[in-house]
Amino acid sequence: MELFLMTLITGIMVGGIYALVALGWVIIYKCSGVLNLAMGEMTLIGAYISLTFYSMGVPFIFALLLSIIIGLFLGILTERLFLDKLIGEPVLSVIMVTVGLSFLFKGIVELIWGTDTKVFNPPIFSIEPINIGMVSIGEVYLWSFIAAMILLVIFVCFFKYTRWGLAMQATADDEMAALSIGVSARFVYAAAWAIAFMAAGVGGTFLGNINGLNISVGYLGLLVLPAVVLGGLNSIPGAIVGGIAIGLLQNFSGAYLDRYFPGAVKEIAPFAFMAIFLLFRPHGFWGWERIERV
Amino acid sequence: MSTTFLPCGDYHQNYKQEHAWWQTQFIKGKMILLFLSLFVFIPLLANGYWIGVFNMVGYTILGALGVQLLIGYCGQLTLGHGAFIAVGAYASTLLILEFPWPKFMMDWGIAYPLSVLIAGIVAGLWSILFGLPSARVKGFYLILTTMAAQFITVDFFLTQYVSQIGGRGQAFSLPPGTMKIGPWVIDSNIRVYYVMIILVIFFCVIMANLIRSKVGRAWVAIRDNDISAEVMGINVIKYKLLAFFVAGFMAGVAGAFWISNLAAISPDHFTWYLSLSLVGVILIGGLGSIYGTIFGSIFMVVVMELLQLAVMPLSDTYPKLMMDFLFIKEAAFGLAICLFLIFEPNGIGYRWWQIKNYFNLWPFSY
């Protein structure tokens, strides 16, 4: 029972980080229709930037803020340099540009920061677990969950109440109508990438705090793909629920299935689940079902 | 991008001419020259290093042909092709190491060719298994299921279970002398080169013939619009699965061939980035053309080697540069994919076609 509760809570907490990154993914897809496969590398870049600032002596909060700000510029830069040129091209080219971007980002990350595992030193969160009732969880999990939730709330408010957020929603809903009432679609695309980069940076920073930072954190960033498939590609609440569900799935399979399938079952379970899930409900729980015509 | 135009003033006079592979005397001469240079001149003139580079090109072509078939001809997006190469490589290795071959088969050198064939079939069936979702999903969702194929196969199945067979630990190494085709032991770069060139030509011919047959036309119809293909009476699922089988077969043979060069395999050789780079190769080369695949592979391997040669002189002043070259290569490759998609979405193959037609139609290009 204790194992169950602990797995449950850890799963939800890690899932919160995934939800944050998945939110960035969904925003890009909703606003510009780009299916982004470079999300893993984007989390890496954000994580390494805040690690660099942190090791230079900047307090953690400010390092995180700086990585958010740099993520903003990187996002706009990426969109303007690569994705902007491809508006109106077939979906395959757009997906494959993000594949190219993932190579590019990965190469740059390895070039600048190397392939060794780096840790936040001195550690930000104490290793001592916090006891809540009968379960104990690591401090890092708790704080990342809180941060992820705060950011999620900020993003949701941004979409609901600010002018830019409303412009983005309008573009996502109907690009032609949005253009006709004077929304700049190019601005919206750039803003979507900027938000995705920022969300990925925060997610990556916390993921890097859990087990140290190396290239395989980028693989954790890829877990947003099962998450968004589960929730539906164009649903923001779906992304949040999907992220948490994937966190749960990962931790439960690690806790219970590892006995029967020793090894990497924890890493594989989300993808295996996704492959099976796609067979039955390709548009996810809250996504739009597209009706195809010749 | 369809067939090349005939030179100015040449006409077909019967159907046989139109279906001929080499339509004019000039093309025939050109192809003979190509074969001569492939079989005679390159092995004679190139040194060991460049033969190794060519082997790499051949391996990339063999792997990318299957991806080209799936993406370029059948429209089934796949990002997990490395998994099928891995399955082929492991199947062949395990067959050689663990299967109790009769003595005479080992001596006559039938074991390795037979294992290559079986590896191809195993990889093809494995590919069908992960192609089954294509009956229901397509586009981006199919990308995700093939990605799942990659992670399930390589990171889980091969790493955790298959690698444990025989208790050798992670990496399997093949003792020298086991790679034997007939009387020849494949132990040097040059012998690998000959195996490679025969396989590449064989599969290019098979593929070109498949594409211009009924099967190929069905694939192209599915690529262009699968619903109309179904309306026209094409059994979409059957042809999709057939495409997956053929692509998987090629991948399996590519993997089984590549172990003759590596002589040791581990799951690290078949990461997700291999699958991604195979897709990058066909994007650079051009979708829907076989020579596009070849150009893409040459671009990826040879241009990157040239880049390395260009960086080499700088290594005295910046010793870190050589160590980091792998990463520079990766970034440059990613940038190349992006730039090709932005500025030349049809790839190198399209440019080649244009140049060829320019000369064929000269001086009356209308």
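Residues are numbered from 1 along each chain as its sequence is written, and chains are lettered from A and ligands numbered from 1 in the order in which they are written. In this predicted model, local features need pLDDT of at least 70 and side-chain atom pairs count only at pLDDT 80 or more, while totals for chains, interfaces and linings use all residues.

Me: Which helix supplies the largest share of the side of chain A that touches chain B?
Reply: Counting two residues as in contact if their C-beta atoms, placed from the backbone, lie within 7 Å, 38 residues of chain A meet 39 residues of chain B. Helices here are DSSP runs (H or I, at least four residues) numbered from the N terminus, and α4 (91-113), α10 (224-231) and α12 (265-280) of chain A each give at least two residues to that side. The largest share, 17 residues, comes from α4(A).

Me: How are α9(B) and α11(B) oriented to each other?
Reply: Helix α9 (residues 214-224) and helix α11 (residues 236-262) of chain B pack with their axes 10 Å apart, at an angle of about 105°. Axes are lines fitted to C-alpha atoms, for helices over the stretch in contact, and angles run from 0 to 180 degrees between N-to-C directions. Since 65 to 115 degrees counts as roughly perpendicular, α9(B) and α11(B) are therefore roughly perpendicular.

Me: Which residues of α9(B) make the contact with α11(B)?
Reply: On the α11(B) side, the contact involves B:Val236, B:Tyr239, B:Lys240, B:Leu242 and B:Ala243. From α9(B) come B:Val215, B:Ala218, B:Trp219 and B:Ile222.

Key
Parallel < 35°, antiparallel > 145°, perpendicular 65-115°, else oblique.
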